[in-house]
Amino acid sequence: MSAQRGEFGSRLGFVLAAAGSAVGLGNIWKFPYEVGNGGGAAFVVLYLFFCFLLCFPVMVAEISIGRKTNRNPAGAFEALGYKKWSIVGKLGIFCGVLILSYYNVVAGWAFGYFFEMVSGNFAIAENFGAYVSDVTKVGLYGLIFMSVTAFIVSGGVQQGIEKAAKILMPSLLTIIFFLVIYAMTLPNAMEGLKFYLVPDFSKMNLQVIYGALGQAFFSLSLGMGALITYGSYVSKKENIVQSAALITLTDVGIAVVAGLMIFPFVFYQGLGPQQGPGLVFVALPGVFETLGPVLGVVIGSLFFMLLSFAALTSTVSLLEVPVSYLVDEKNMARKKAVWLTAGVIFLVGIPSLLANGASDFFSQFTGFLGSDTPTDFMTLVGYIANDSFLPLGGLLISVFAAYIWKKENLSKEISIGYEGYEGSFVQTFINFVISYLAPVVLGIVALLTILNRFLGITLI
Ligand code: TRP
């Protein structure tokens, strides 16, 4: 079986593909507006705490489970001998389907913005509402995006996923750095940086903690088995801890740097950070315009092209999860699994496509279910999938690795490719987090959220 499953060709290939999965719209589109809604720097501090102290060890556990078993998320638990636990993998696969269904819609927006920038249409920022509710147009961009994703995934691990990541990731970094430097030169940049970097802890509440936790998992592609899947293509020579550290650092680094770029831009234009999902789409075109008609078009189109590429390495990883399940467990041919899944997920995404103004029903969705503060369908799917399912998945994966599969076995797997792991401080840290810190913190947040959402009790 493993011969036809595929394997990453090199260390760098795996790290880049996994970092490519992590780095995406989550860093450049979602992170800034979550920071904006979460009150600024306090959110950033929580996010960093969750990424490094909580998520990083969970990532090591996910990759290890994948590499040990060479299987998709559902099959992996079974291969270790715990058939009942495969429900966790199945939940993860389902969650990935939900995430991709709306993620692809936003990826379509970014892709469409590329063409707007090419034609010098900087005024699109003021017409963002009309743009996203033009369903034929953004729907077509979404369809193209999903097809390109499917095309890459059907190419398999080395030829498709790895190759794309190697070219795209470095280009994205280069252009972001250029934009950060430019952002710093603009008037009011400091005001933006202050909002972003000076924490006001009075703004911290359960909602902010919950959002930061969900964002940490989402941004690292964690909690639904994407990294079990990628881990299953990793060779035994790899040092998993080192790779996970590199992936985490790259992802967090790019999110933090994207913030350094966005907030000066937002304050420079007097926009206010609480724009929600439209934030980067509303804030950036005006800035490109100030670069002049030639440079503005060049940098603007390049930026949205690379943002689309960043999104593409993420959609690829999201699609790969259900595909690996169908290939491993249902013996489906890879190409068939790819196009079937992509088609179904595109259809599942149609309500999200309609939820940004095109259809009242989906745009005010929870209002029709009786809520006084209506949330649109797409945002709702995000709440459920990113903010609830991913941390829940992380909790279950930690508990599984620590107590069911057991720490000794996890350590044994990590030791392959990492001599000296057993007995090291790193081992103590990882074991402590997956056995105690992650279950306790994730458990408390889950409990508080349940009390709050369903019983109306607010403790913090
Ligand atoms: N991490 C990606 C981003 O920040 C999105 C993503 C890709 C993802 N694969 C995932 C999120 C798996 C959760 C699970 O854009």
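Q: Is Ser-221 buried or exposed?
A: In this predicted model, local features need pLDDT of at least 70, side-chain atom pairs count only at pLDDT 80 or more, and totals for chains, interfaces and linings use all residues. Residues are numbered from 1 along each chain as its sequence is written, and side-chain values use heavy atoms, with hydrogens and water left out. Buried means under 20% relative accessible area, exposed over 50%, and partly exposed in between (1.4 Å probe, protein chains only). Ser-221 has a relative accessible area of 12%, so Ser-221 is buried.

Q: Where is Ser-221 found?
A: Phi of Ser-221 is near 60°, a positive value in a residue other than glycine. Helices here are DSSP runs (H or I, at least four residues), numbered from the N terminus. Ser-221 is found in the loop between H11 and helix H12 (226-231).

Q: Is Asn-331 buried or exposed?
A: Asn-331 has a positive phi near 55° and is a residue other than glycine. Its place is the loop between H15 and helix H16 (334-348). With a relative accessible area of 68%, Asn-331 is exposed.

Q: What is the volume of the largest cavity?
A: On a 1 Å grid over the protein atoms alone, a cavity is a set of points where a 1.4 Å probe fits but cannot get out, and lining residues have an atom within 4 Å of a point. Grid points are joined across faces, edges and corners, and a volume is the space filled by probe spheres set on the points. The whole structure holds five cavities of 30 Å³ or more. The space in the largest cavity is about 150 Å³.

Q: How many charged residues are in the lining of the largest cavity?
A: The lining has 19 residues, and Ser-21, Ile-99, Phe-218, Ser-221 and Leu-318 lie nearest the centre of the cavity. Helix H2 (11-22), H3, H6, H11 and helix H15 (293-329) each supply at least two lining residues. Ala, Val, Leu, Ile, Met, Phe, Trp, Tyr, Cys and Pro count as nonpolar, Asp, Glu, Lys and Arg as charged, and the others, Gly among them, as polar. The lining of the largest cavity divides into twelve nonpolar, seven polar and no charged.

Q: Which helix gives the largest share of the lining of the largest pocket?
A: A pocket is an open set of grid points with protein on both sides within 12 Å along at least five of seven lines. The largest pocket has about 450 Å³ of space. Of its 19 lining residues, Tyr-33, Glu-34, Asn-37, Thr-379 and Tyr-383 are the closest to the centre. Six residues, the largest share of the lining, come from H20.

Q: How many residues of the lining of the largest pocket are charged?
A: Helix H3 (25-37), helix H11 (206-219) and helix H20 (377-404) each supply at least two residues of this lining. By class, the lining of the largest pocket has eight nonpolar residues, eight polar and, as charged, three.

Q: Is Glu-116 buried or exposed?
A: Glu-116 forms a salt bridge with Lys-137, with the closest N and O atoms 3.1 Å apart. Glu-116 lies in helix H6 (residues 86-118) and Lys-137 in helix H8 (residues 135-154), so the pair ties together parts 21 residues apart in sequence. Lys-137 is partly exposed at 32%. Glu-116 has 8% relative accessibility and therefore counts as buried.

Q: What distance separates the C-alpha atoms of Leu-25 and Tyr-103?
A: Leu-25 is in helix H3, and at 0% relative accessibility Leu-25 counts as buried. Leu-25 and Tyr-103 are 78 residues apart along the chain, and their C-alpha atoms are separated by 8.0 Å.

Key
Salt bridge = Lys/Arg side-chain N within 4 Å of Asp/Glu carboxyl O.
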